[in-house]
Amino acid sequence: MMNTPAVLFLTLFAGTAVGQTPPQKDQDPPNIIVLVSDDHRWDGLGAAGNKVIQTPRLDQLSGEGIRFTRAYVTTSICMVSRASILTGQYMSRHHITQFGIELEPEAFAQTYSGVLREAGYWTGFIGKYGIGQVRDDDFDFVRSYSGRHWLEDGEGNPIHITEQNALDALDFVRERPGDKPFLLSVSFFAPHAEDSAPQQYLPQDWSAGFYQDVTVPGSTLMDEQYFEALPEFIRQESNEGRIRYHWRFDTPERYQEYMINYFRLITEVDEAVGRLVDELRQQGIYDNTLIVFIGDNGYFQADRGLADKWYPYEESIRVPLIVHDPRLPAAERGITRDEMVLNIDLAPMIVAAAGLEVPGGMQGRDPAPLYLSGAAHGWRDEFFYEHPTITDKNRIPSSQAVVRRDLKYVHWPEWDYQQLFDLRRDPGERQNLIGEPDYRQQQQRMEEKFRQWRQRVR
């Protein structure tokens, strides 16, 4: 049963987690917007130092908020990561391991959308859900679609999916009830490739003007030595990362064409975000709206001779994360933080920002105290990565890893293969140190951490 506004207000501010900065009692409950882009890695922003990509509105949002420079996903594939964002849980707990699986009822009760809707928020979902069918019980407003860059509008005219995302988001904030706070989740399909399309990336015409006479510089990780350093089973041409590399990046001409179109898709997402922010400003609610922007996973852009994601290397697991938080003092806006923040941290952050008690089933941590009070003591210095087998071990094998700032331990269970990287000396993750005498103690320590993490995440 929906709470009345009075009950809602009491509910919202009754339970404030330890270390959380609650809204002031004379303020309205914050509105919350969660923006998820698809296959968007951490350096796909101008604010992150990318000299080619055009993302002026996201850069502005970063300048008015905070950007986490070391944000990661706990599983680098869309359906698992999106389930982790919704639930604040590792794959081992929410059990979304394949396409088409739906969240179990007990897991779904822990979603940030379900918690906020129960507390009286008006909730909406737009775009790519990626976890079976959207449960109407968790959202008051649903417009879900994905898989193609070009759709048809109500009159049969072509419309780009990002434009449709933008129009639907504007509909939600314009049509929402005026007497309730709202939660809106916008999950863009862009810049994900349209895998069945010959050209893969199909942007709108208008974005071409941002990339006239532009050359995208290649990554140093495109050097053959990084491909040769991969496990043999990843280098096989039957591996999906290699198959998609040949679709997209295996000639200089194709690399330039497809990378520019990929960047154009991100620029179009940027423009859609800007229009939504403009609407919030026009309604006078921008300063009471928490906005979170994150990628659902990273992306190999011909790095290591691969395309797409899945594997526990930096390019695949690291994502952009921008937070515009009205509670952040003006003097602190525009800063960056380099703590390890995860996609599973979004759900507890959203619930806590609404003034609600974070459910015990959520495995992430609210990162807001990092930037609201500087409370970094005791924050994580490592995390666990896990990925399921997709189809079979030759196509996309399962992998697990313990990721630290200094070391990374990777286990490929189906191939009985291990990797150990010294990230201080080898940030490109090229030299496998398993069995090296000088790293015997580090290997033993990481193997023990790995055993502990496998039990802990369940």
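Analyst: Helices (H or I, at least four residues) and strands (E, at least two) are DSSP runs, numbered from the N terminus. This is a predicted model, in which local features need pLDDT of at least 70 and side-chain atom pairs count only at pLDDT 80 or more, while totals for chains, interfaces and linings use all residues. Residues are numbered from 1 along each chain as its sequence is written, and side-chain values use heavy atoms, with hydrogens and water left out.

User: Which helix gives the largest share of the lining of the second largest pocket?

Analyst: A pocket is an open set of points on a 1 Å grid over the protein atoms alone, where a 1.4 Å probe fits, with protein on both sides within 12 Å along at least five of seven lines, and lining residues have an atom within 4 Å of a point. The second largest pocket is lined by 17 residues, and among those closest to its centre are Arg-41 and Asp-43. Three residues, the largest share of this lining, come from helix 11 (residues 252-283).

User: Is Trp-415 buried or exposed, or in between?

Analyst: Trp-415 sits in the loop that joins strand 16 (407-412) to strand 17 (417-422). Leaving out residues up to four places away in sequence, Trp-415 has contacts (heavy atoms within 4.5 Å) with partners including Phe-233 and Lys-393. Buried means under 20% relative accessible area and exposed over 50%, with partly exposed in between (1.4 Å probe, protein chains only). Because its relative accessible area is 25%, Trp-415 is partly exposed.
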